[in-house]
Structures are given as C-alpha cells and as structure tokens.
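Biologist: Hi, could you walk me through this structure? I'm new to it, so please keep it simple.
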Amino acid sequence: MDFALSDEQKQVQELITQFIAKDYPFDVREKLVKSEDGFSREFWKTFGEFGLLAMPFPEGDGGFNGGPVDLMVILEAFGTGLIVEPYIPNIVLSGHLVSKLGSEDQKKEILPKLMSGELQMSFAFTEPQSRFDLNDVTTSAKLDGDNYVVDGYKAVVMNGPASDKIIVSCRTSGNQLDEDGISLLIIDKDSKGLSSRDYSNVDGSKASEVTLENVSVPKTNLIGDEGKAFKIISQVIDLATLAISAEAVGIMQKMNELTLEYTKTREQFGQTLSKFQALQHRMVDTFMVHEQTKSLLLMAAAKLNDNAPDASKSISALKFQIGSAAKLIGEESIQLHGGMGVTEEMSIGHYFKRLTTIRTIFGNSDYHLKRYSSL
Amino acid sequence: MNLSFSPEDLKFQDEVRTFLEKNYPADVKRKMDNGIPLEREDHLKWQKVLSKKGWFAVNWPEEYGGTGWSVTQKHIFQNELAAINSPNIVPFGVSMCGPVIYTFGTEEQKEKFLPAIRDNDVWWCQGYSEPGSGSDLASLKTKAEKKGDKYIVNGTKTWTTMAQHADWIFCLVRTDSSGIKQEGISFLLIDMKSPGVEVKPIITIDGSHEVNMVYLDNVEVPVENLIGEEGAGWSIAKFLLAHERTGIGGIPHLKREIKRLREIANELPLNDGFLKDDDLFMDKLNKLEIDLLSAEFTELRTLAAMSAGGHPGPESSILKIGGTDLQQALSELFVEALGYYAHPFMSEADLASNEKRIGPDFAATAMPHYLNFRKVSIYGGSNEVQRNVIAKAVLGL
C-alpha cells in the first residue's frame, strides 16, 4: 500500500497551485464569473497548453493516459482556487463519453479540439423529474430514415451556455425508468428546434434549460449502440462524482485555512478569536472531518483506478461523506467568520456557495446512502 | 498511489490467517464468542502463543524482538487478529512500557525488562491517573523521595486497568515540587509485590471489575528503576500517550463487530420479517460503516506517514477521537438492535455460568458494553483534551 503521489502528479499539483497564486486571485475570478461567458476562454486554452485537458484520455487519442488518481489531483488543486472553468462538463463527462464509446470518426472530430480547448461541450443527463436517477429519461429519440427526431426537456445542463455541442441522453425504447433503451446523441447547440435558456448558478457556474422540439439529428451522431448507454453513463458519472468530490476536498482544505487565519487576526473581548476554546474545538472538528473525507477520496480513487468490484459502492460512500462534511465545514466556516462570512466581499462565502452546490451535484447524501445500501 | 495488496502481502495474509486459526486456543475462543469474561491466564495463554511465534511485540524495533513488518503487514495482522475474535492484546507492557524502555532506558534496564514483556512473563499496569488529577495529568501528587539508593513512594493511583493481574506498575511520580507542575515528574517502575502496595477494585456501571485504586504507602523502590533522568517524566509521559492513542481506535475490532451486527440484523425477528427490513436502523448501520471506512483509511495514511517519519505525534489524537466516537456509536447500535432485550442484567458470574441467557444470545453483553464504553472518550486523555492537543500542536492555536 502506498499513499504517495508520483513525481508527475506532484508536478501537476504544483503547476496548478502556482497558476492560482499568480494568475487566479479571488478578484480575477470574480471578474470572470461576472463576464459574458462566466469563465476565461484564454485560461481554458492555458489549461490545454498545460496538458490538463488531455490528461485523462488514452495515448492513442492524443492524451496522457491519466487515470482517476490523476483526475483527483487536478480537481483537488482546482478546488483550492475555486477554478470556475468547466473542466467536469467538458473533459470528465463529454470527453469520457466520446473516448469510451465513440466511433473513430467521432473521436477524431471531437477529442483533439476538446484537448486543445477550442471546443466546448456539455452532457445533458438530467430532467426536471429525474433528480439523480440516471435511468429516468423521458426525452425521446425516434429514428426516421437517417435521422433521429428528438423531443424533450433537459434541466440544469452544466456548461450549457458556452457549449458548441451537447451530448443528450434520450430514450429510444422502453419506459421512463428502464435502464435499457437509453441512447446518447451528440447534438449541435445551434440545431433547429433546440432552444436554450441560459443562466448563472449561485456558485458562479453557468447552466441551461434545454428544450428539444422535433430536432433532427444525423444517425451518425449516436455514440455507442442504440439503447445500451446506461452502463457507460453510470461509469462516467461515477468518475465525475470522484472528480467533483476531489474539488470539494480542495475547497474544504482552503476554507479551513481561511477560517484559521481569520480567527488568528480578528479580535473580540480583548483577544483573538483563536484563543477561545469553544472555537478551537470546532476548528479541530472541521480539520478532522477534512482529513477523514480526504481518506475516503483516496480510497475511492484507488478503487476506481483498480476497477475494483466495489468501486461504485466506494464512490457512493465518498459522496455521502462529501455531503455531510461539506455541510459541517461550509456552515462552520461562515459561522466562525461572523458577519463578514455572509458578505460578498470575502472569498469565504464564495467557497461556501460552490461547496454547497457540490453537495447536490451527481447525488446528495441521501441518494448516495441509499445507493450504498443497495450495492 | 496504490492501495491494493501486493502478491507478497496476500501471501503474508494467508500465512497469518492459517497460523491464527490453527493456534487460537479453543477455550479462549469459546469465552470470547459467548461474552464470558476472561481470566488472567486466558490472556496469557493466548499472548504466549504469539510470543513464541515472534508475533507479539509487533511494533518494536527488530533488535529488541520486533517483527520488522511493513505498515501494510501490520495492518493485515491486526485485521486477522480481530477476525478470529481475539481478545484485545493487553497493551500496558508491549505498547506502552516497552517503547518507553527501549527509547529512554539504560542497557541494563533494557536487558532486565524487555525480554519479559516480549515473552509475556511479566504483566504490567499503568500508574498515571490519581484521584485529584484526571485530564490534568501533570497535577499528579504521588511523591517519590530519594533516600540513599532508594525512592520512598507515597500516593494513590486510580483507574488502574487490570492492576489485580499485574506484576509490575509503571508510575509517574513527583520527585520535585519547586517548579511548574510539568517539571519534577519522574518515570518509575515499581514491583507490585513491594510492601506497601495495595490494590482495591472499582466496580464500573456495567458491573465489571476492570479498574482499580492502587495505594502506595512508603513503598521502597531501588533508584535503578528510574527511567531516564529524574524530572524527565513529563516528556516520557507524552511520548507514551502518543503511543497509547494510536491503537486506541480499535478499528480492526470495529470492522469485525459491524459485520457481526449486520449478520444479527439479518436474523433477528422483527414483526413478520427481520431487523434488516427497518430502513432507519439500516441507515444508521450503513452510515457507521462509511465512517469506519474513513477512520480506517485515515489510520493507514497516518501509519504510512509515520513509517517514514518515526514516532506517532499529535496525529494520534485524531485517531483517538475518531475511533472512540465510532466505538461508542456502534455499542449503542447493538443496544438499539435489541429493544427490550437490552435490559435484563447478567453479572460476570452469571455470564461465566452455564445458565441459559435471556433473549437473543448476544443480548447479555450489549448493554454492559455500551455502559462500559462510556470510558473510551474519557480515558487516554479525554476527547476534549485531545482536541486541545490538536488545536495547539497541529493548528498552532
């Protein structure tokens, strides 16, 4: 057993940490979040130059053959700087679906542009009624000659606004909750009949409500076999759950640091807050919870890396823990900052907002506890 | 990063499992499986089997009879030990006094005491707490006055676990009262057969006799039984506490117990089904299992870091808090599983007799265990004291 990161992984960590320190201070991030795109296309290209966008793809596709542990390293470092650039929708979700299931033509068309940062994509897998159940799909795709005709509605699609292409989970057969009969289609954002209501989330990220009315999609845009996408969707969402959990662990670490620092400077009743035992013990608890959560993150990353039989169960254990740890660390950090914690002015509140949305993304604690029990 | 076992590790696991299953004395196993309290001889019989195999002083340096095992091998060994329902290894000699002696003792002291600990020829107990000093350990008052080549020791020690079985006691004593309270403490080894040593039982709320008062009345102790310098006792005490806290979480044992509770839930009737059909109960069980997983990997991370950097430090406080929280939560869940059948009380004598148990087989020990385990967040430095340690040593507050 070995918990140490490789030299390459440490270099990636260091690269991102330095980028955040030099180019991504809080005020820069704030400007990006308020901009039209909501993130920096220039920084996105920089990540491409760093090799971060190519990291998880096989060498045959032009990538660096990175695994779950490499993804964990990137996202945990991103979390500490609250990086808002859409890595998970583009690389972890869309990129993996294409890389794992796509035809050679599809891979050649999409992956190089995704890795260089020229192409923006998203994966539309949620519907208003589906919540976290990946098998709950009502958006329908019916084959008509050489085209599918798609009708339906996809909810809160991450990175929808910037996307050039959206991968949409559709029902090609079966009933609403059947695992069989779900297919994946790559749909151009500017397709006729696709309308998108674009908006900002509270955490600064962007999303869309996507309505599909009689949208005609070439048959060649089907990824993988018709009706057989459920398994791969589950696998990719597992990987994305690991990635977003790593981001959360990075955020937790940063929130603990910021809070500790704040209590060492803020004075009340003639002494710094850090001198009050009532507060010290709470900071010890948030410190411990971060460490314990990080332990589960490492465990789940290793299981996924090894394709262990209980990998999915480990992911659910991790995401359950992320939910409860995020609540504790997030809320305690705000409380210990006092009134300043609820102002837009300080970064702590922005970390809190992202950590809070992560509690829900890819399934909240209740969902993952149920899934853990069932696996 | 690679968290899976290597082929060598798996081979080692197999070797350990085979040996333990074959050599675990049947009568000790029967008592453990049936919740019957163990006698002194039961502990020694089993521990001597491990000594003979060279698997007792697992964590010691090899030159003193340790195993030289890797972190992974030690992890495997502890898990296998728990899997056969082994009693906890009595820690006072092998995990506490031994490391103190090989770290701070003279060559003569090492020769005199270490082999006897390693071979289970001497039973040690721990003379730390006093009636007036619980969590504030440094306020201890037991006095040792030097007279010629002897110390004359007077005072009272309390919460002394298994002192009724012990041959020797290691004590923190005050050799100087002039400075601040942490100064003037010394670490002294005392033969329990010395005139003036008296042991009186303390019965705890579960009805068991585990802890004792130890009275020291003009006990004469040769000066060569002082470990380290006179007045160096506080730093030795802290070293020992860090060792004590590391294994205190009892994670391998918890893994076995949670598995057992799951089996119980599958079989225990509830209405027209089984306890496992109660979703709220199972939610608690599953949450606990996830917490345990995170505690286990936190311990492994800590051990891996320690194997690179030497002795346990303040991290051991994290393990102590995390592990003891889980121990208490799980002991409560056993009680909850039983409903009314948690209530009938059986004394240690009842348990040892062949009298038929009331309710399910596991019922008799569940509530006593829950009651007894209130201690775990109090002993070894209360969990509040552990938080003070982390606040100071890790967070720099």
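Modeller: Happy to; what follows is a short tour of a predicted model.

Biologist: Great, let's take chain B. How many helices and strands does chain B have?

Modeller: Chain B has 13 helices and 10 strands.

Biologist: How much of chain B counts as buried?

Modeller: Of its 397 residues, 38% count as buried. Looking at contacts in chain B with a separation of 6 or more, 71% come from residues 24 or more positions apart.

Biologist: Which domains is chain B divided into?

Modeller: There's domain 1 (7-89), domain 2 (124-232) and domain 3 (250-393). The C-alpha centres of domain 2 and domain 3 of chain B lie 31 Å apart. Their contact takes seven residues from domain 2 of chain B and nine residues from domain 3 of chain B.

Biologist: What kinds of residues are on the domain 2 side of that contact?

Modeller: On the side of domain 2 of chain B that touches domain 3, two are nonpolar, four are polar and one is charged.

Biologist: Switching topic: how many residues does each chain give to the contact of chain A with chain B?

Modeller: Chain A gives 29 residues and chain B gives 28 residues. In chain A, helix H8 (277-305), helix H9 (311-337) and helix H11 (365-374) each supply at least two residues of the side that touches chain B.

Biologist: Which of them gives the most?

Modeller: That's H8(A), with 14 residues. Taken by type, the side of chain A that touches chain B has 18 nonpolar, eight polar and three charged residues.

Biologist: Now the cores. Which residues touch the most other members of the largest nonpolar core?

Modeller: That core has 142 residues, and the ones touching the most other members are A:Ile74, A:Val150, A:Ile167, A:Leu185, A:Ala240, A:Leu242 and A:Ala243. Helix H7 (residues 230-265) of chain A provides the largest share of this core, 14 residues. Apart from this core lies another one of 48 residues, including B:Val100, B:Leu188, B:Ile190 and B:Leu240.

Key:
Residues are numbered from 1 along each chain as its sequence is written. Chains are lettered from A and ligands numbered from 1 in the order in which they are written. This is a predicted model: local features need pLDDT of at least 70, side-chain atom pairs count only at pLDDT 80 or more; totals for chains, interfaces and linings use all residues. A nonpolar core is a set of buried Ala, Val, Leu, Ile, Met, Phe, Trp, Tyr and Cys residues joined through C-beta atoms within 7 Å. A residue is buried if 20 or more other C-beta atoms lie within 10 Å of its own, exposed if 12 or fewer, and partly exposed in between; C-beta atoms are placed from the backbone. Helices (H or I, at least four residues) and strands (E, at least two) are DSSP runs, numbered from the N terminus. Two residues are in contact if their C-beta atoms, placed from the backbone, lie within 7 Å. Ala, Val, Leu, Ile, Met, Phe, Trp, Tyr, Cys and Pro count as nonpolar, Asp, Glu, Lys and Arg as charged, and the others, Gly among them, as polar. Domain bounds come from an automatic or database domain assignment.
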